[in-house]
Amino acid sequence: MERFLTLEKVNKSYAMGQERLHVLKDVSFGVEKGEYLTILGPSGSGKSTLMNIIGCMDTLDSGTYELDGEAVQEYGDNELTLLRNRKIGFIFQKYHLIPQYTALQNVIMPLLLRGLSRSEAICEAEESIRLVGLWDRITHRPNELSGGQQQRVAIARALVTKPALLLADEPTGALDSATGKEILKLFQKLNDTGNTIIMISHDVNVAQSSRRILTISDGRLEE
Ligand SMILES: Nc1ncnc2c1ncn2[C@@H]1O[C@H](COP(=O)(O)OP(=O)(O)OP(=O)(O)O)[C@@H](O)[C@H]1O
Ligand SMILES: [Mg+2]
């Protein structure tokens, strides 16, 4: 096994008027390359705060965070943005697709932003769309797709840059349970082919589909 990320005594608080709200309390854990785990916890426990830190969208107050050999806690906003673009694919509860774009146009966006030519981008995007089983919906716009299909487009978009880490915040939260199960099956398949996946959920049934569960409660993490 090869260590992929390590958080050591990570603390995070927010300023609330004169006071500080201490949200993450001495959070420590490690993830190996190729793992598939869920961070499970109730509303307000600090899951999204932790996901923002793992996803390099926010800085820590104290502690250390090493991601794929990089000392993230030393990085400023610009460096975090670059690191995020290089290493992480995000999947959100509400898909976050661009409504006027087709499935293909949504999926090629991250590649165009990286400076690939249109034809190269289309080639990669088609492969990613095939992988999530949406080949026959490639020219559909989000409002012409079901919720599960929209989430699969979002997954294809997250995968297209071949990120080292897939980070998913409540990826089945907006779906009915049968469609949610299909998405979890797809995560299983992606993990089987080597993707490292961290999922966030408040639903123990969803969490049980992953191989490892960490629970968070009031900002403290337990295996
Ligand atoms: N930007 C912020 N400023 C101040 N307080 C914040 C901020 N973001 C989150 N909080 C507080 O931090 C705590 C944890 O929030 P967080 O969003 O991480 O919870 P969560 O576990 O993701 O909840 P949910 O399941 O409802 O999404 C909450 O009490 C919240 O009010
Ligand atoms: Mg949240």
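**Reading a ligand site and a nonpolar core**

Me: An oxygen atom of ligand 1 sits 3.1 Å from a polar backbone atom of G46. Which polar side-chain atom lies 2.6 Å from an oxygen atom of ligand 1?

Reply: A polar contact is a pair of N or O atoms within 3.5 Å. The side-chain atom at 2.6 Å belongs to T49. Taken alone, ligand 1 exposes 640 Å² (Shrake-Rupley method, 1.4 Å probe), and the protein buries 59% of that. This is a predicted model, where local features need pLDDT of at least 70 and side-chain atom pairs pLDDT 80 or more, while totals for chains, interfaces and linings use all residues. Residues are numbered from 1 along each chain as its sequence is written, chains are lettered from A and ligands numbered from 1 in written order, and side-chain values use heavy atoms, without hydrogens and water.

Me: Which residues are around ligand 1?

Reply: A residue counts as near if one of its heavy atoms lies within 4 Å. The residues around ligand 1 include Y14, M16, P42, G44 and K47. By class, this shell has five nonpolar, six polar (Gly counts here) and one charged residues.

Me: Which element gives the most to that shell?

Reply: Helices (H or I, at least four residues) and strands (E, at least two) are DSSP runs numbered from the N terminus. α1 gives the most, three residues. β1 (3-16), β2 (19-32) and α1 (47-54) each supply at least two.

Me: Which residues touch the most other members of the largest nonpolar core?

Reply: Nonpolar side chains tend to be buried together in soluble globular proteins. A nonpolar core joins buried Ala, Val, Leu, Ile, Met, Phe, Trp, Tyr and Cys through side-chain atoms within 4.5 Å; buried means under 20% relative accessible area (1.4 Å probe, protein chains only). Here the largest core has 34 residues, and I155, F187 and L190 touch the most other members. α5 supplies its largest share, six residues. Apart from it lies another core, of 31 residues, among them V27 and L221.

Me: What is F187 in contact with, leaving aside neighbours within four places in sequence?

Reply: Contact means heavy atoms within 4.5 Å. The partners of F187 include Y36, I91, I155 and M199.

Me: What covers the buried residues of α3?

Reply: The buried residues of α3 include A103, N106 and L111. Their cover includes α4 and α5. Just after α3, G115 takes a positive phi of about 90°.

Key. A polar contact is a pair of N or O atoms within 3.5 Å; within protein, one must be able to donate a hydrogen and the other to accept it, and residues adjacent in sequence count only if both atoms are side-chain atoms. Buried means under 20% relative accessible area, exposed over 50%, partly exposed in between (1.4 Å probe, protein chains only).
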